[in-house]
Amino acid sequence: MPTPSQTVGPFFHYALPYEGGPETVPPGTPGAIVLHGRVLDGAGDPVPDALVEIWHPDAGFGRCPTGADGEYRFTTARAPYLAVLVFARGLLKPVATRAYLAPDPADPLLAAVDPARRDTLVAAVAGPGEYRFDVHLQGERETVFLAY
Amino acid sequence: MTHPPYLHPDYRGTTLRAPARDLVPVPYDPETVELTGPVYGSTDVDPAESDLTRGHAGEPLGERIIVTGQVLDRAGRPVPDALVEIWQANSAGRYVHSGDRHPAPLDPNFTGAGRCLTDAAGRYRFVTIKPGAYPWRNHANAWRPAHIHFSLFGRAFTQRLVTQMYFPGDPLFAFDPIFQSIPDVKAREQLIAGFDLATTEPEWALGYVWDIVLDAVPFEEQ
(Lines give C-alpha, C1' and ligand atoms only; values in the text may rest on other atoms or scores of the structure.)
Protein backbone atom coordinates (compact mmCIF):
# COMPACT_ATOMS: atom_id res chain seq x y z
CA MET A 1 0.00 0.00 0.00
CA PRO A 2 1.50 3.39 -0.94
CA THR A 3 2.37 5.81 1.83
CA PRO A 4 -0.47 8.34 2.17
CA SER A 5 -0.05 11.99 1.31
CA GLN A 6 -0.27 14.77 3.90
CA THR A 7 -0.40 18.52 3.43
CA VAL A 8 2.80 20.48 2.79
CA GLY A 9 1.55 22.84 5.53
CA PRO A 10 2.33 26.55 5.88
CA PHE A 11 5.96 26.30 7.00
CA PHE A 12 7.89 24.87 4.03
CA HIS A 13 9.43 28.14 2.83
CA TYR A 14 12.79 27.73 4.55
CA ALA A 15 13.16 24.16 3.27
CA LEU A 16 11.75 23.55 -0.21
CA PRO A 17 12.31 26.69 -2.33
CA TYR A 18 15.90 27.00 -3.56
CA GLU A 19 17.93 29.51 -5.50
CA GLY A 20 17.26 29.09 -9.19
CA GLY A 21 14.17 26.96 -8.51
CA PRO A 22 11.91 29.18 -10.63
CA GLU A 23 14.40 29.15 -13.52
CA THR A 24 14.55 25.82 -15.32
CA VAL A 25 16.80 27.56 -17.89
CA PRO A 26 19.02 30.56 -17.16
CA PRO A 27 17.23 33.88 -17.80
CA GLY A 28 18.25 35.21 -21.22
CA THR A 29 18.52 31.74 -22.77
CA PRO A 30 17.45 32.05 -26.42
CA GLY A 31 13.89 30.77 -26.76
CA ALA A 32 13.22 30.91 -23.02
CA ILE A 33 9.70 31.78 -22.02
CA VAL A 34 8.10 33.14 -18.88
CA LEU A 35 5.18 31.25 -17.37
CA HIS A 36 3.41 33.03 -14.56
CA GLY A 37 0.02 33.11 -12.94
CA ARG A 38 -1.89 33.04 -9.70
CA VAL A 39 -3.20 30.27 -7.50
CA LEU A 40 -6.72 31.14 -6.33
CA ASP A 41 -9.09 29.52 -3.84
CA GLY A 42 -12.83 28.88 -4.08
CA ALA A 43 -13.62 32.45 -2.99
CA GLY A 44 -11.36 33.81 -5.74
CA ASP A 45 -8.80 34.91 -3.16
CA PRO A 46 -5.09 34.45 -3.83
CA VAL A 47 -3.38 31.50 -2.15
CA PRO A 48 -0.21 33.07 -0.73
CA ASP A 49 1.29 29.87 0.69
CA ALA A 50 1.27 27.48 -2.27
CA LEU A 51 4.23 25.76 -3.87
CA VAL A 52 4.07 25.28 -7.65
CA GLU A 53 6.20 22.73 -9.49
CA ILE A 54 6.53 22.30 -13.24
CA TRP A 55 8.08 19.49 -15.24
CA HIS A 56 8.70 18.57 -18.86
CA PRO A 57 11.72 16.58 -20.08
CA ASP A 58 12.48 19.33 -22.64
CA ALA A 59 11.98 22.17 -20.16
CA GLY A 60 13.36 20.74 -16.91
CA PHE A 61 12.02 20.88 -13.39
CA GLY A 62 11.03 24.11 -11.67
CA ARG A 63 9.76 25.00 -8.22
CA CYS A 64 8.33 28.35 -7.13
CA PRO A 65 6.40 29.41 -4.01
CA THR A 66 3.51 31.85 -4.50
CA GLY A 67 3.84 35.37 -3.08
CA ALA A 68 1.36 37.38 -1.01
CA ASP A 69 -0.64 38.00 -4.22
CA GLY A 70 -0.78 34.25 -4.99
CA GLU A 71 1.55 34.79 -7.94
CA TYR A 72 4.27 32.41 -9.15
CA ARG A 73 6.69 33.03 -12.02
CA PHE A 74 8.92 30.61 -13.96
CA THR A 75 11.52 31.12 -16.65
CA THR A 76 11.49 27.93 -18.65
CA ALA A 77 11.85 26.44 -22.11
CA ARG A 78 9.15 26.04 -24.69
CA ALA A 79 7.35 22.68 -24.65
CA PRO A 80 3.90 21.62 -25.87
CA TYR A 81 2.81 21.64 -22.25
CA LEU A 82 4.21 21.58 -18.75
CA ALA A 83 3.08 19.14 -16.08
CA VAL A 84 2.06 21.20 -13.03
CA LEU A 85 1.72 20.22 -9.37
CA VAL A 86 0.42 22.60 -6.70
CA PHE A 87 0.97 21.96 -3.01
CA ALA A 88 -0.50 24.11 -0.22
CA ARG A 89 -1.77 24.24 3.30
CA GLY A 90 -5.33 22.94 3.03
CA LEU A 91 -4.40 20.55 0.21
CA LEU A 92 -4.05 17.10 1.77
CA LYS A 93 -2.57 15.95 -1.53
CA PRO A 94 -1.28 18.04 -4.43
CA VAL A 95 -3.45 19.03 -7.37
CA ALA A 96 -2.01 17.96 -10.72
CA THR A 97 -2.73 19.69 -14.00
CA ARG A 98 -1.08 20.70 -17.28
CA ALA A 99 -0.36 24.13 -18.69
CA TYR A 100 -0.62 23.84 -22.48
CA LEU A 101 1.43 26.42 -24.36
CA ALA A 102 0.52 25.03 -27.78
CA PRO A 103 -2.83 23.31 -27.43
CA ASP A 104 -3.41 20.68 -30.09
CA PRO A 105 -7.08 19.66 -30.23
CA ALA A 106 -5.95 16.12 -31.06
CA ASP A 107 -4.00 15.91 -27.80
CA PRO A 108 -5.44 12.88 -25.96
CA LEU A 109 -6.02 14.76 -22.70
CA LEU A 110 -7.56 17.86 -24.28
CA ALA A 111 -9.78 15.61 -26.37
CA ALA A 112 -10.94 13.80 -23.23
CA VAL A 113 -11.87 16.94 -21.32
CA ASP A 114 -15.30 18.61 -21.32
CA PRO A 115 -14.91 21.33 -24.02
CA ALA A 116 -16.43 23.89 -21.65
CA ARG A 117 -13.53 23.40 -19.24
CA ARG A 118 -10.73 22.85 -21.76
CA ASP A 119 -9.48 26.43 -21.62
CA THR A 120 -8.55 25.99 -17.95
CA LEU A 121 -5.65 23.87 -19.23
CA VAL A 122 -4.41 26.46 -21.73
CA ALA A 123 -1.84 29.11 -20.82
CA ALA A 124 -2.86 32.50 -22.25
CA VAL A 125 -0.35 34.44 -24.34
CA ALA A 126 0.46 37.50 -22.22
CA GLY A 127 3.20 38.98 -24.40
CA PRO A 128 6.13 37.87 -26.56
CA GLY A 129 7.47 34.71 -24.93
CA GLU A 130 5.18 35.24 -21.95
CA TYR A 131 2.31 33.02 -20.85
CA ARG A 132 -0.21 33.34 -18.05
CA PHE A 133 -1.68 30.30 -16.32
CA ASP A 134 -3.95 30.75 -13.32
CA VAL A 135 -4.88 27.77 -11.16
CA HIS A 136 -8.39 27.90 -9.70
CA LEU A 137 -8.53 25.32 -6.92
CA GLN A 138 -12.30 25.50 -6.67
CA GLY A 139 -15.32 27.42 -7.95
CA GLU A 140 -16.98 28.08 -11.26
CA ARG A 141 -13.70 28.29 -13.11
CA GLU A 142 -12.11 25.34 -11.30
CA THR A 143 -9.07 24.15 -13.23
CA VAL A 144 -9.22 20.65 -14.69
CA PHE A 145 -7.20 18.51 -12.28
CA LEU A 146 -5.77 15.16 -13.17
CA ALA A 147 -5.75 11.78 -11.50
CA TYR A 148 -2.28 10.24 -11.78
CA MET B 1 -8.06 4.29 -0.58
CA THR B 2 -4.63 5.27 0.67
CA HIS B 3 -4.58 9.01 0.19
CA PRO B 4 -6.84 11.43 2.05
CA PRO B 5 -9.68 13.11 0.13
CA TYR B 6 -9.23 16.76 -0.84
CA LEU B 7 -12.20 17.84 1.26
CA HIS B 8 -11.96 17.02 4.95
CA PRO B 9 -14.06 19.69 6.73
CA ASP B 10 -12.53 18.92 10.16
CA TYR B 11 -9.36 20.39 8.65
CA ARG B 12 -10.74 23.84 7.95
CA GLY B 13 -8.07 24.79 5.44
CA THR B 14 -9.53 22.30 2.96
CA THR B 15 -12.94 24.00 2.63
CA LEU B 16 -11.99 26.68 0.11
CA ARG B 17 -9.04 24.86 -1.41
CA ALA B 18 -10.35 21.36 -2.14
CA PRO B 19 -11.29 20.88 -5.80
CA ALA B 20 -14.97 19.95 -6.07
CA ARG B 21 -15.07 18.46 -9.57
CA ASP B 22 -14.10 14.95 -10.59
CA LEU B 23 -10.47 14.45 -11.51
CA VAL B 24 -9.72 13.59 -15.12
CA PRO B 25 -7.57 10.47 -15.53
CA VAL B 26 -4.39 11.08 -17.51
CA PRO B 27 -4.72 9.18 -20.81
CA TYR B 28 -1.37 7.44 -20.44
CA ASP B 29 0.75 6.20 -23.26
CA PRO B 30 4.40 5.22 -22.87
CA GLU B 31 5.48 8.74 -23.94
CA THR B 32 3.37 10.58 -21.37
CA VAL B 33 5.46 13.32 -19.77
CA GLU B 34 4.29 12.55 -16.22
CA LEU B 35 5.88 9.08 -16.48
CA THR B 36 9.28 10.78 -16.35
CA GLY B 37 10.69 13.10 -13.74
CA PRO B 38 13.77 15.04 -12.74
CA VAL B 39 16.83 12.86 -12.18
CA TYR B 40 19.15 13.62 -9.28
CA GLY B 41 22.71 12.51 -8.68
CA SER B 42 25.36 12.69 -6.00
CA THR B 43 26.63 16.07 -7.25
CA ASP B 44 23.23 17.63 -6.47
CA VAL B 45 23.26 16.93 -2.73
CA ASP B 46 25.99 17.45 -0.13
CA PRO B 47 26.04 14.48 2.30
CA ALA B 48 26.31 16.99 5.18
CA GLU B 49 22.75 18.09 4.42
CA SER B 50 21.42 14.89 6.01
CA ASP B 51 22.61 15.92 9.48
CA LEU B 52 20.29 18.64 10.80
CA THR B 53 22.22 18.88 14.06
CA ARG B 54 25.29 20.33 12.28
CA GLY B 55 26.09 23.55 10.49
CA HIS B 56 25.46 25.84 13.46
CA ALA B 57 27.78 27.20 16.14
CA GLY B 58 26.65 24.65 18.72
CA GLU B 59 24.53 21.58 19.33
CA PRO B 60 20.74 21.99 19.16
CA LEU B 61 18.62 21.32 22.24
CA GLY B 62 16.40 18.27 22.37
CA GLU B 63 16.45 14.55 21.92
CA ARG B 64 18.92 13.58 19.17
CA ILE B 65 17.43 10.99 16.82
CA ILE B 66 18.31 8.99 13.71
CA VAL B 67 15.52 8.59 11.16
CA THR B 68 16.18 6.03 8.45
CA GLY B 69 14.30 3.75 6.11
CA GLN B 70 13.85 2.49 2.60
CA VAL B 71 12.03 4.12 -0.29
CA LEU B 72 10.21 1.38 -2.21
CA ASP B 73 7.94 1.17 -5.21
CA ARG B 74 4.60 -0.62 -5.23
CA ALA B 75 6.32 -3.89 -6.16
CA GLY B 76 8.61 -3.60 -3.14
CA ARG B 77 11.68 -2.72 -5.18
CA PRO B 78 14.05 -0.12 -3.72
CA VAL B 79 14.08 3.30 -5.38
CA PRO B 80 17.70 4.48 -5.57
CA ASP B 81 18.72 8.12 -6.13
CA ALA B 82 15.38 9.39 -4.85
CA LEU B 83 15.65 12.95 -3.55
CA VAL B 84 14.29 13.11 0.02
CA GLU B 85 13.75 16.54 1.56
CA ILE B 86 12.65 17.04 5.17
CA TRP B 87 11.69 19.95 7.38
CA GLN B 88 10.40 20.18 10.93
CA ALA B 89 9.86 22.20 14.10
CA ASN B 90 12.54 22.29 16.77
CA SER B 91 12.32 20.38 20.06
CA ALA B 92 10.10 23.11 21.53
CA GLY B 93 7.61 22.86 18.65
CA ARG B 94 8.69 26.04 16.85
CA TYR B 95 9.52 26.43 13.15
CA VAL B 96 12.14 28.77 11.78
CA HIS B 97 9.41 30.52 9.79
CA SER B 98 8.16 34.08 10.07
CA GLY B 99 4.57 32.81 9.99
CA ASP B 100 4.95 30.64 13.10
CA ARG B 101 3.38 32.55 16.02
CA HIS B 102 3.74 29.80 18.64
CA PRO B 103 5.34 31.45 21.69
CA ALA B 104 7.97 28.72 22.07
CA PRO B 105 11.69 29.45 21.82
CA LEU B 106 13.68 29.31 18.61
CA ASP B 107 16.95 27.40 18.87
CA PRO B 108 19.91 29.30 17.38
CA ASN B 109 21.53 25.92 16.71
CA PHE B 110 18.67 24.38 14.76
CA THR B 111 17.11 25.28 11.42
CA GLY B 112 15.23 22.07 10.73
CA ALA B 113 15.72 21.46 7.00
CA GLY B 114 17.69 18.62 5.39
CA ARG B 115 18.04 16.60 2.19
CA CYS B 116 19.59 13.39 1.00
CA LEU B 117 19.56 10.93 -1.88
CA THR B 118 18.63 7.30 -1.35
CA ASP B 119 21.46 4.82 -1.85
CA ALA B 120 21.49 1.77 -4.15
CA ALA B 121 19.21 -0.06 -1.69
CA GLY B 122 16.77 2.86 -1.61
CA ARG B 123 17.90 3.83 1.90
CA TYR B 124 17.87 7.32 3.37
CA ARG B 125 19.21 8.39 6.76
CA PHE B 126 18.89 11.65 8.69
CA VAL B 127 20.28 12.77 12.03
CA THR B 128 18.07 15.35 13.69
CA ILE B 129 16.25 16.37 16.88
CA LYS B 130 12.85 15.02 17.86
CA PRO B 131 10.38 17.79 16.99
CA GLY B 132 7.90 19.06 19.57
CA ALA B 133 4.13 19.16 19.25
CA TYR B 134 2.70 22.61 18.55
CA PRO B 135 -0.64 24.40 18.65
CA TRP B 136 -2.51 25.60 15.58
CA ARG B 137 -5.75 27.47 15.21
CA ASN B 138 -7.85 24.92 13.35
CA HIS B 139 -10.23 24.46 16.30
CA ALA B 140 -10.27 25.09 20.05
CA ASN B 141 -7.17 23.67 21.77
CA ALA B 142 -5.82 22.18 18.52
CA TRP B 143 -2.33 20.64 18.65
CA ARG B 144 -0.40 18.87 15.93
CA PRO B 145 1.27 15.60 16.91
CA ALA B 146 5.06 15.76 16.57
CA HIS B 147 5.98 15.17 12.93
CA ILE B 148 8.67 15.53 10.30
CA HIS B 149 7.61 16.72 6.84
CA PHE B 150 8.93 14.58 3.97
CA SER B 151 9.08 15.39 0.25
CA LEU B 152 10.07 12.67 -2.23
CA PHE B 153 10.81 12.29 -5.92
CA GLY B 154 10.68 8.81 -7.41
CA ARG B 155 11.31 7.87 -11.02
CA ALA B 156 8.20 9.55 -12.36
CA PHE B 157 6.32 12.77 -11.67
CA THR B 158 3.31 10.55 -10.84
CA GLN B 159 5.25 9.27 -7.81
CA ARG B 160 5.85 12.71 -6.31
CA LEU B 161 4.95 12.52 -2.62
CA VAL B 162 4.76 15.08 0.16
CA THR B 163 3.77 13.66 3.52
CA GLN B 164 4.49 13.68 7.26
CA MET B 165 6.16 11.11 9.49
CA TYR B 166 4.84 10.69 13.02
CA PHE B 167 6.25 9.12 16.18
CA PRO B 168 4.83 5.99 17.84
CA GLY B 169 2.32 6.34 20.65
CA ASP B 170 1.57 10.03 20.22
CA PRO B 171 -1.49 10.91 22.36
CA LEU B 172 -2.52 13.60 19.84
CA PHE B 173 -3.30 11.22 16.94
CA ALA B 174 -6.96 10.90 17.92
CA PHE B 175 -7.44 14.67 17.90
CA ASP B 176 -5.53 15.60 14.74
CA PRO B 177 -7.73 16.15 11.67
CA ILE B 178 -4.74 16.04 9.33
CA PHE B 179 -3.68 12.58 10.51
CA GLN B 180 -7.34 11.49 10.72
CA SER B 181 -8.03 12.68 7.15
CA ILE B 182 -6.70 9.35 5.88
CA PRO B 183 -9.80 7.15 5.84
CA ASP B 184 -8.09 3.76 6.09
CA VAL B 185 -6.66 2.97 9.54
CA LYS B 186 -3.90 0.73 8.14
CA ALA B 187 -2.88 3.42 5.65
CA ARG B 188 -2.83 6.01 8.44
CA GLU B 189 -0.57 3.81 10.54
CA GLN B 190 1.90 3.71 7.67
CA LEU B 191 2.82 7.28 8.61
CA ILE B 192 4.05 6.22 12.07
CA ALA B 193 7.74 5.39 12.36
CA GLY B 194 8.86 2.49 14.50
CA PHE B 195 11.34 2.83 17.33
CA ASP B 196 14.31 0.60 16.54
CA LEU B 197 16.95 -0.40 19.05
CA ALA B 198 19.25 -1.69 16.30
CA THR B 199 19.28 1.79 14.71
CA THR B 200 19.74 3.45 18.09
CA GLU B 201 23.38 4.35 18.76
CA PRO B 202 24.58 3.81 22.36
CA GLU B 203 25.28 6.98 24.34
CA TRP B 204 24.29 9.10 21.33
CA ALA B 205 20.89 8.94 19.59
CA LEU B 206 17.56 7.07 19.49
CA GLY B 207 16.74 5.33 16.21
CA TYR B 208 13.49 5.37 14.25
CA VAL B 209 12.78 3.39 11.09
CA TRP B 210 10.22 4.53 8.54
CA ASP B 211 9.83 2.96 5.09
CA ILE B 212 8.07 4.88 2.33
CA VAL B 213 6.13 3.28 -0.54
CA LEU B 214 5.64 5.38 -3.67
CA ASP B 215 2.65 5.17 -6.00
CA ALA B 216 2.81 2.89 -9.03
CA VAL B 217 4.06 4.10 -12.41
CA PRO B 218 1.78 3.09 -15.30
CA PHE B 219 3.51 0.81 -17.85
CA GLU B 220 6.19 -0.17 -15.35
CA GLU B 221 6.27 -3.88 -14.67
CA GLN B 222 4.57 -4.48 -11.32
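**Where chain A meets chain B**

Hi everyone, let's start with one pair of residues: A:Leu146 has B:Val24 as its bridge partner, and B:Val24 sits in strand S1 of chain B. Before I go on, please keep in mind that this is a predicted model.

That pair belongs to a strand pairing that crosses between the chains. Strand S10 of chain A, residues 146-147, runs parallel to S1(B), and two bridges join them.

Now let's step back to the whole interface. How many residues does each chain bring to the contact? Chain B supplies 72 and chain A supplies 55. Together they bury about 5,400 Å² between them, and 62% of that area comes from carbon and sulfur atoms.

For those of you who like charges, there are four salt bridges across the interface of chain B and chain A. One of them links A:Arg63 to B:Glu85, with 2.8 Å between the closest N and O atoms.

S9(B) gives the most, with five residues.

Finally, the make-up of that side of chain B: 38 of its residues are nonpolar, 21 are polar and 13 are charged.

If you have the structure open, A:Leu146 and B:Val24 are the bridge partners I began with.

Key. Residues are numbered from 1 along each chain as its sequence is written. Chains are lettered from A and ligands numbered from 1 in the order in which they are written. This is a predicted model: local features need pLDDT of at least 70, side-chain atom pairs count only at pLDDT 80 or more; totals for chains, interfaces and linings use all residues. Side-chain values use heavy atoms; hydrogens and water are left out. Contact means heavy atoms within 4.5 Å. Buried area is the accessible area (1.4 Å probe) that two parts lose on being put together, summed over both. A salt bridge is a side-chain nitrogen of Lys or Arg within 4 Å of a carboxyl oxygen of Asp or Glu. Helices (H or I, at least four residues) and strands (E, at least two) are DSSP runs, numbered from the N terminus. Ala, Val, Leu, Ile, Met, Phe, Trp, Tyr, Cys and Pro count as nonpolar, Asp, Glu, Lys and Arg as charged, and the others, Gly among them, as polar. Two strands pair if DSSP finds at least two bridges between them.
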